[in-house]
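Hi,

Here's the structure I promised to pass on.

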Amino acid sequence: ASSPLVWEPLVDVVLPAPALVECRTDDAFEPCNVRMPPATCADEACSVLARPMRYGGQFSPLVVSPAKGANRTVAHLANFLDGHRAWARNRLEGTGALLFRGYDVACARDFETISRALEQGELASAYQGTSPRKQPPGAAAYVHTAADLPPSSMVPAHAEMSFVPDVDIIPKRLYFYAHYANAGPGGETPVTDLRSVLHAMDPAVLKRLRRPLRFERVYFDEHNALAKFLDPAKTKAWQQMFKTQDRDEARATARAQGYDATFLADGSCKLVHVLDSPTRFHPVDGAEVWHSHVTNLYANSWASEYARAAKHLKSPAYALRSLASHVYYGLGLGAAILKLAGSEVGMRVVYDDTGADVAAQDMDYLRHLIFKFTSVHKHEHGDVVALDNFRVGHARLPWDGSRRELFAAWNA
C-alpha cells in the first residue's frame, strides 16, 4: 500500500501529465485537444444543446449549454426549463446529473432562478449535515455555501444527508453553483453513480454491510478551542448544529430528529443512531441504490482519501497527510489522545450488535469501488450542476487554496 501512496504522486510531479483542453465547437481551429461527444438539440429552435461529457456510455453529467450564437441569459435558460421541465427531469433521473454550462450565471439569485425552474415545489433551508455552511450575501434562505471547510479538507463521496433516519426529509435533488471556480489544481466536485456501485459490489461485502450499523458523530463545543484542534473529524460545533447554547434544547432537537445525544467531559456533543441498511430505493422508479454515509463517517479509513488526493493533485504533501491520518485514526493514536482530553473521535461507524468498528478492508474496498464509478470535472465560472440525490453521490477534492466559491441548494 505504501507504493501508490508515495511513489505515484512523486512520479507525477517529476513527469507531469499534459494539459487536456475540451473542444466546445466543431471549429477545426479551436485551440483544444480533446474532442467531445456530439450534441443534440434539446428544444425546437435548437438554441439549447445537450451532450454527454464522456464517450462510450461512461457515467458522467449530461452537459446542457447554449448553441453557438444563441441566447446565454439566465432568463432564457429558465424559460427553456419552464417549458421543458419533463425533458430535464427525465434526463436528470436517467443520467443522475445535469451540468448547465456556458450561461451567464453571475450571482446567487441567478442560481436560485435556475434551481426553482427545475423544481415544482419549494427549495429547502433545513440542514442536518456535518459540514459547516452559511448564507452568501444577497442569497435567499435556502442558498448556502457548499462546505465551509479548509481547502486542504476532502469530503468523500456520499448522497446528501443519507445518514438521516427519516427518509422523508432527505433531499431528492441537489444543486451546486460555481460562483467562482478556482484556477489552481483540485477543488472539483466529483459525482458518483451510486446505482452502479451497488450493482457491482461483491455480494460478500454487501452482506457484511447490510446489517444494522451504528453511526457515532461528535460535535465540538465552540467554547473549547482545543476540542476542534485535537480532532479534524469534528467539523462543526453542536451550537451551530442545533442553533442553541442550551444543552437541554439540543438534546430535545436531537431526539426529535432520531438521534441519542449525550455530552462528553470536554463539552462536546455525541450523537448516536442506528440504520438497518446502507441501501434505499429511488422515490420515482423504485430502483435500489447504495445510499450510505459509511465512508464519510468512518475516520479510520480517511488515509485512502488523502492518498487519492495525493495522486490527483500530484502532491507529496497529501501522501504525508495520508500517512498521518493512518497513524492518528487508523492505528488509534487519536482515540487515545482524545480519551485523555475527555472526548472521542468525531466520526465512527460500528456494527450495532457487537460494537466493533466496521471492517477496515470492507471500507477500503468500498472506497475503491466508488472511485471506479466516479466522474471528475473542473468547475468553470457560472456552472450549475443538478444531481438526483437518490441516484448520484458527490464529493469534494482538496485544492491549492486559491479563491473558490461554491454554493448549494436542495429541494424541500
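Helix 3 covers residues 85–95, and its buried residues are W87, A88, R89 and L92. Keep in mind while you browse that this is a predicted model.

Now for the neighbour, helix 2. Two packed helices are described by the angle between their axes and the distance between the axes. Helix 2 runs over residues 74–83, and its axis comes within 4 Å of the axis of helix 3, with a crossing angle of roughly 85 degrees. Angles of 65 to 115 degrees count as roughly perpendicular, so that is how helix 2 and helix 3 sit to each other.

Which residues meet there? From helix 2 you'll find F80, L81, D82 and G83, and from helix 3 they meet R85, W87 and A88. Sorted by type, the residues of this contact are four nonpolar, one polar and two charged.

Is G267 buried or exposed? Its relative accessibility is 4%, so G267 counts as buried, given that the cut-off for buried is under 20%. Leaving out residues up to four places away in sequence, G267 touches D221, W238 and R247. As for M161, G267 is 106 residues from it in sequence, and their C-alpha atoms are 25 Å apart in space.

Cheers

Notes: Residues numbered from 1 in each chain as written. Predicted model: local features only at pLDDT ≥ 70, side-chain atom pairs only at ≥ 80, totals over all residues. Heavy atoms only, no water. Buried < 20%, exposed > 50% of the residue type's maximum accessible area, 1.4 Å probe, protein only. Helix = DSSP H or I, 4+ residues; strand = E, 2+ residues; numbered from the N terminus. Axes fitted to C-alpha atoms, helices over the stretch in contact; angles between N-to-C directions. Parallel < 35°, antiparallel > 145°, perpendicular 65-115°, else oblique. Contact = heavy atoms within 4.5 Å. Nonpolar A, V, L, I, M, F, W, Y, C, P; charged D, E, K, R; others polar.
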